[in-house]
Amino acid sequence: MKKIQFEAKALNDQTLAYAAQELRVNKDFIELNIIEEKKSLLGLNKSYVVEAVVDFNVINDGIEYLKKILENMDIEAVIEGKLTGENHILFSIQAKENPILIGKNGKTLEAMQSLVKNYINLYTDEYYVVLIDIGGYKEQRKKQLEILATKTAMDVVKTKVSTKLGKMNAYERRVIHTKLSDWRDVTTVSEGEEPNRYVVISPSKK
Amino acid sequence: MAVNFEKLVLDLVTPLVIHPEDLLVKKFSEDENSITIQVLVNQEDLGRVIGKGGKIANAIRTIAYAAASKQGKKIKIDIDSFE
């Protein structure tokens, strides 16, 4: 959790603004607590030791953020969130209009994922990996990619000719690399520039 | 129900800024086929809202685009800061 301690003359909007500036987050997410009251010798000047805490729960606030997006898009959906390992969060969305949310080649899904990831990591001082799945799309896509990888690799072994796959994002390329990592007959390399990077499967040199 | 694009963009951007009091999201124009939304943020927040290589700005555009496609419209989002 992000927090700081400082001394202030009073608790007001300026104190909050200062805390927001220091913590670099929206002030609506900050909670101020008085830790200690200090008085000068004559008791004329009072000051406080204040603790400013970023009031944020990665799962709940992540779900709230997604919920708002979907409400504003006028899409009914059920959203679940869970930790799937140390600092790994998975949000699963089940909506009536899954295809709109996924977008062409998962573009909208990726956009939502990077926004939520960015949002969560702004408000925490640990680093979180955020994944979003919509209606099992990622799982299905992974299976398709693995089949594609295996089929293409078999062709490459047979013909001894390198083959380029279509453009893919980082996650998709990783699926291909991982799938073929234990094949001794082929090697895989990513080439090209984002967002047009692609995987090349070549026969291994003997 | 029609989608309120101003609110969609506002809700997307609000948690990203340090100065929500300087955040302004305004519909610039709308006709049958397209909508233009202007987003103004504090100078200090501009980098965060645009993101590295425009990553965040493009993500916001992609989501707004998906919402607009339900109504068969195109949406354009301009992001700028106060001088």
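Leaving aside neighbours within four places in sequence, which residues is A:Met73 in contact with? The views below start there, and everything shown comes from a predicted model.

**View 1. A:Met73 and its partners from chains A and B.** In soluble globular proteins, nonpolar side chains tend to be buried together.

**View 2. Where chain B meets chain A.** Each side brings its share: 26 residues from chain B and 26 residues from chain A make up the contact. About 2,400 Å² of area is buried between the two chains, and carbon and sulfur atoms account for 61% of it. On the polar side of things, 12 residue pairs are in polar contact between chain B and chain A, counting pairs with both residues at pLDDT 80 or more. Looking at chain B, helix 1 (5-13) and helix 3 (55-69) each put at least two residues into the side that touches chain A. Helix 3 of chain B is the top contributor there, with 8 residues. By type, the residues on that side of chain B split into 15 nonpolar, 4 polar and 7 charged.

**View 3. A salt bridge across the two chains, A:Glu97 to B:Lys70.** How many salt bridges are there between chain B and chain A? The count is 3. In the A:Glu97 and B:Lys70 pair, the closest N and O atoms are 3.4 Å apart. Over all chains, a search of the whole structure comes back with 13 salt bridges.

**View 4. A:Arg141 paired with A:Glu172.** This salt bridge has its closest N and O atoms 2.7 Å apart. The pair ties together distant parts of the chain: A:Arg141 is in helix 5 (residues 137-159) of chain A, A:Glu172 is in helix 6 (residues 170-180) of chain A, and the two are 31 residues apart. Is A:Glu172 buried or exposed? A:Glu172 is buried, because its relative accessible area is 8%. A:Arg141, with a relative accessible area of 22%, is partly exposed. As a general point, side chains of opposite charge can pair when their charged atoms come close.

View 5. Elsewhere in chain B, salt bridges that share partners join B:Lys27, B:Glu30 and B:Lys73 into one network.

**View 6. B:Val49 and the residues around it.** B:Val49 is in helix 2 (residues 46-50) of chain B. It counts as buried because its relative accessibility is 0%. Leaving out neighbours within four places in sequence, B:Val49 is in contact with B:Val13, B:Val17, B:Val41, B:Ile56, B:Ala57, B:Ile60 and B:Ile79. For a sense of placement, B:Val49 and B:Lys70 are 21 residues apart in sequence and 25 Å apart in space, C-alpha to C-alpha.

**View 7. A:Thr15 in helix 1 of chain A.** That helix covers residues 13-23. A:Thr15 is buried, since its relative accessible area is 6%. Not counting residues up to four places away in sequence, A:Thr15 touches A:Phe6, A:Ala8, A:Ala10 and A:Leu32.

**View 8. A:Asn121 reaching to the backbone of A:Tyr128.** A:Asn121 is in helix 4 (residues 107-123) of chain A. Its side chain reaches the backbone nitrogen of A:Tyr128 at 2.8 Å. Beyond residues up to four places away in sequence, A:Asn121 touches A:Glu126, A:Tyr127 and A:Tyr128.

How values were computed
Residues numbered from 1 in each chain as written. Chains lettered and ligands numbered in written order. Predicted model: local features only at pLDDT ≥ 70, side-chain atom pairs only at ≥ 80, totals over all residues. Heavy atoms only, no water. Contact = heavy atoms within 4.5 Å. Buried area = accessible area lost by both parts, 1.4 Å probe. Salt bridge = Lys/Arg side-chain N within 4 Å of Asp/Glu carboxyl O. Polar contact = N/O pair within 3.5 Å; in protein donor to acceptor, adjacent residues only side chain to side chain. Helix = DSSP H or I, 4+ residues; strand = E, 2+ residues; numbered from the N terminus. Nonpolar A, V, L, I, M, F, W, Y, C, P; charged D, E, K, R; others polar. Buried < 20%, exposed > 50% of the residue type's maximum accessible area, 1.4 Å probe, protein only.
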